[in-house]
Amino acid sequence: SAKEGSFASPENNLPSPVKQEQAKAETLVDLNAKILSEDWDDIPPSSALEEISEEEAVRIIGEPLLPLQSTTLQDYVDHSETLAKLVHLGVDLSQVEKRQKAGQLLLTLDFEKDIRKILLFLKDVGVEDNQLGPFLTKNPYILGEDLEALETRVAYLKSKKFGKSEIAQMVSRAPYLLLFSVERLDNRLGFFKNELGLSVKKTKDLVIRLPRLLTGRLEPVKENLQVCQIELGFQRSEIQQIVYKTPKILTASKKRLKQTFDYLHNIMGIPHHMLTRFPQVFNSKLLRIRERHMFLAFLGRAQYDPAQPSYISLDQLVSLPDEVFCTEIAKASIQDFENFLKTL
């Protein structure tokens, strides 16, 4: 600075608070000088009841106050462009605010800076436009995730030979999937492959059909596998077939699983190998199974042995609508079935 012939003035070297006090003092001097030069009698008194012109009234815009605190995100929509745009997308804020700290997260995000890139990412993954709102309602936390981390998780799934449409299906059906690290996803795939003795292809098929296996807790899965083997008496190879055909059995209620098996095996006399062949019966309501079996028994048509005439498969027993079940399986009318149910 010395070489260039410029020097800092003493005022510029003053700390900021000193400058502010100096400016304040100068303002007060100017103000006092102005007041002394005015005639106090010429200054009209101000009043809250003073009339103003329509033009002045139009220029007065009352800004709504931002709530200091609230129990609902709806109170902030009028003040937040981010929330307003999310509502326009179809996000249900009444559901979002039930999720722990999700409301606070949304209030800290900027739509253009933070959210737009995540929306574009989700669309690129395969989430349909009309599903973005429902998706974010279930998983608002993804809006606070690092974009690079999300892209890394998708790249991992691609490296495991999951196709684009398969990844889109998995992400849409299990919205929390992309919140989990590559390490966790890899461990989960390894668990189901090794625990069930499945091939790589069958393991992929399993999680594609029920992707929440990758995001849910493993304890219920382990317990159900033990129930099937120890309490229900299925062999390991039978469990493998049952799970591959009906993945939901891994996350079913243990109580319901045991009650259904007890009725099918001990009351209806269905052997293990038949249950292994038609494991979808475990997805049916026990009441439906019981009502139809009792009606067939009443008619003398409860025949579940494929080696016998008039054989009725478990699939036919539970999957057909009442009308079709009555006419084609029970050989009776729907009215006969309804009258029978009234006697139970």
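**View 1. Phe 295 and Phe 337 in this predicted model are both buried.** Their rings form a tilted aromatic pair. The centres lie 4.9 Å apart, with 50° between the planes. Phe 295 belongs to helix H16 (residues 286-299), and Phe 337 belongs to helix H19 (residues 334-342). The pair thus links distant parts of the chain, 42 residues apart.

**View 2. Five Phe residues form one aromatic cluster.**

**View 3. Tyr 141 and Tyr 176 make another aromatic pair.** In total, the model holds seven aromatic pairs. In this one, the ring centres are 6.5 Å apart and the planes meet at 35°, so the pair is tilted. Tyr 141 sits in the loop between helix H7 (132-138) and helix H8 (147-159). Tyr 176 sits in the loop between helix H9 (164-173) and helix H10 (182-196). The pair therefore ties together parts that are 35 residues apart in sequence. Tyr 141 is partly exposed, at a relative accessible area of 24%. Tyr 176 is also partly exposed, at 27%.

**View 4. Helix H12 (residues 219-231) crosses helix H14 (residues 254-267).** The two axes come within 10 Å and cross at roughly 25°. Angles under 35 degrees count as roughly parallel, so H12 and H14 are roughly parallel to each other. The crossing is right-handed. From H12, the contact uses Glu 223, Asn 224, Val 227, Cys 228 and Glu 231. From H14, Lys 254, Leu 257 and Lys 258 meet them. By class, three of the contact residues are nonpolar, one is polar and four are charged.

Key
Residues numbered from 1 in each chain as written. Predicted model: local features only at pLDDT ≥ 70, side-chain atom pairs only at ≥ 80, totals over all residues. Heavy atoms only, no water. Axes fitted to C-alpha atoms, helices over the stretch in contact; angles between N-to-C directions. Helix = DSSP H or I, 4+ residues; strand = E, 2+ residues; numbered from the N terminus. Parallel < 35°, antiparallel > 145°, perpendicular 65-115°, else oblique. Left-handed = near helix turned anticlockwise from the far one by under 90°. Contact = heavy atoms within 4.5 Å. Nonpolar A, V, L, I, M, F, W, Y, C, P; charged D, E, K, R; others polar. Phe/Tyr/Trp six-rings, centres within 6.5 Å; stacked < 30°, edge-to-face > 60°. Buried < 20%, exposed > 50% of the residue type's maximum accessible area, 1.4 Å probe, protein only.
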